[in-house]
Amino acid sequence: MDFESEINDLKRRVGDLEGALNVIAGKLGSVHPEIVALSTATANRFDRVEEATGRISGQLEVVSNQVWSLRDDFPELLGSAIKAALRSTLD
């Protein structure tokens, strides 16, 4: 068994692995800023969506209050309209 050639072969293989790791680390280093930028853009977009959802929710609450108010006032409004219509037909 030739130990020196085995050692040299192992050194070469370790060197190949280190080279591959350096390439991968370089690729990750170039991708990291893009990931940070994407994360920031996504957070900004979700913030805008949350703001819009809040505005819509507020508007729906106003509409809901108005509908409930109309429900409470509707019998009186209908009664007044019927009385006015009856008065105009009798006159």
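Me: What kind of model is it, and how are residues numbered?

Reply: This is a predicted model, where local features need pLDDT of at least 70 and side-chain atom pairs count only at pLDDT 80 or more, while totals for chains, interfaces and linings use all residues. Residues are numbered from 1 along each chain as its sequence is written, and side-chain values use heavy atoms, with hydrogens and water left out.

Me: How many salt bridges does the structure hold?

Reply: Three. A salt bridge here is a side-chain nitrogen of Lys or Arg within 4 Å of a carboxyl oxygen of Asp or Glu.

Me: Which residue does arginine 12 pair with at 2.7 Å?

Reply: Aspartate 9. Helices are DSSP runs of H or I, at least four residues, numbered from the N terminus.

Me: And what about aspartate 16?

Reply: Aspartate 16 also forms a salt bridge with arginine 12, at 3.2 Å from N to O. They are four residues apart in helix 1, again about one helical turn. Aspartate 16 is partly exposed, at 46% relative accessible area. Shared partners join Asp9, Arg12 and Asp16 into one network.

Me: Is arginine 12 buried, partly exposed or exposed?

Reply: Partly exposed, at 47% relative accessibility; aspartate 9 is partly exposed too, at 26%. Buried means under 20% relative accessible area, exposed over 50%, and partly exposed in between (1.4 Å probe, protein chains only).

Technical notes: Helix = DSSP H or I, 4+ residues; strand = E, 2+ residues; numbered from the N terminus.
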